[in-house]
Amino acid sequence: MNLLFAIDDNVVKQMLTTLYSIKMNTEGSFEVYVLQKDELKETKMIQTFCKKYGMTYHPIIVDGARFKNAPITDRYPATIYYRLLAQEYLPDLDRILYLDADILIINDLSRLYNLDLGDNLYAAASHSALSSNMTEPFNKVRLGNYEAESYYNSGVLLFNLPKIRQTVKAEDIFKYIEENKLTLFLPDQDVLNGLYGHQIMKIPDELYNFDARMSALYFAIGDGQWDLDWVIDHTVVLHFCGRDKPWKSDYRGRYAGLYKHYMHKALM
């Protein structure tokens with residue numbers, strides 16, 4: 001299983017927590033590709049962790065200068081754009097699964113990883129059902145992609161690399177950023193949706209990108225079935241979206257204890 005991350009030095013421990021959760025819940029061997037601007041300060045820690053759990057670590061240095069004109073903030077550093085051009089840096093693979101570092105895998109990842117992507121570039125989930133009915137049409141107008149079925153979260157992306165290499169071009173991405181940089185709210189995610197949203201396979205977010213902030217809404221739209229027990233039994237990807245993160249001491253979300261348990265085990 002090929003896994004992809006794009007991180008800086010601030011979230012190494014979080015990435016290792018994600019990897020540990022994968023190892024504990026999914027059988028198989030794992031190739032871990034990590035996009036980074038410079039060699040990470042905790043490279044030795046990553047190497048030691050991967051050796052301990054039988055994973056293979058592949059650091060990939062990205063030319064960060066390529067994204068010098070892309071909009072960034074403290075919350076959205078330049079690393080968020082790296083996944084958009086990952087195919088230019090990766091070896092000759094057929095597929096890879098990108099994951100944000102604020103994710104836990106709490107059930108078997110294999111079914112997601114082995115999805116038949118057909119002619120789609122990516123598989124991803126949408127959180128649109130959790131927001132207002134106006135979100136979808138607003139995003140289509142804002143991003144200029146009226147053919148997209150939905151607005152997709154870029155935190156979990158299954159890549160169809162042969163198709164992506166044929167279709168996704170750096171010049172198109174940089175042109176889109178330049179022409180739309182004043183309207184990009186969630187920069188890399190907006191670019192992905194604006195250019196390629198109509199070529200993304202939609203996967204269920206309650207299984208593969210469960211927004212940990214929204215338990216009450218999932219319970220409501222799931223007719224009372226998607227409760228805590230259901231999530232523990234069925235959800236694969238638990239995503240801690242938003243500003244509040246479960247590794248912070250003041251985090252009080254429903255899944256705080258679960259995350260802290262995995263992080264404690266990962267860093268032992």
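# A guided tour of the predicted model

Select helix α6, residues 170–180, together with helix α7, residues 187–196: the two pack at an angle of about 110°, and their axes are 10 Å apart. That angle makes α6 roughly perpendicular to α7, because values from 65 to 115 degrees count as such. The crossing by which α6 passes α7 is right-handed. Please note that the model on display is predicted.

Next, show the side chains where this pair meets. On the α6 side, select D172, I173, Y176 and I177; on the α7 side, select D190, V191, G194, L195 and Y196. Sorted by class, this contact of α6 with α7 comprises six nonpolar residues, one polar residue and two charged residues.

To view the contact, select V12, K13, M15, L16, L19 and Y20 in α1, and then M45, I46 and F49 in α2, which they meet. The classes here are eight nonpolar residues, no polar residue and one charged residue.

**The three-stranded sheet**

Now select strands β5, β10 and β9. In that order they form an open sheet with mixed pairing. Which strands stand at the edges? They are β5 (103–105) and β9 (210–211); each has a single partner strand, so one side of each is left without a neighbour in the sheet.

Strands of a sheet pair through backbone hydrogen bonds, either parallel or antiparallel. For a specific example, pick I103, whose bridge partner in β10 is H239.

**A loop residue**

Finally, select D244, which lies in the loop between β10 and α11 (256–266). Is D244 buried or exposed? D244 has a relative accessible area of 58% and is exposed, because the cut-off for that term is over 50%.

Technical notes: Residues are numbered from 1 along each chain as its sequence is written. This is a predicted model: local features need pLDDT of at least 70, side-chain atom pairs count only at pLDDT 80 or more; totals for chains, interfaces and linings use all residues. Side-chain values use heavy atoms; hydrogens and water are left out. Axes are lines fitted to C-alpha atoms, for helices over the stretch in contact, and angles run from 0 to 180 degrees between N-to-C directions. Helices (H or I, at least four residues) and strands (E, at least two) are DSSP runs, numbered from the N terminus. Angles under 35 degrees count as roughly parallel, over 145 as roughly antiparallel, 65 to 115 as roughly perpendicular and the rest as oblique. A crossing is left-handed if the near helix is turned anticlockwise from the far one by less than a right angle, and right-handed if clockwise. Contact means heavy atoms within 4.5 Å. Ala, Val, Leu, Ile, Met, Phe, Trp, Tyr, Cys and Pro count as nonpolar, Asp, Glu, Lys and Arg as charged, and the others, Gly among them, as polar. Two strands pair if DSSP finds at least two bridges between them. Buried means under 20% relative accessible area, exposed over 50%, partly exposed in between (1.4 Å probe, protein chains only).
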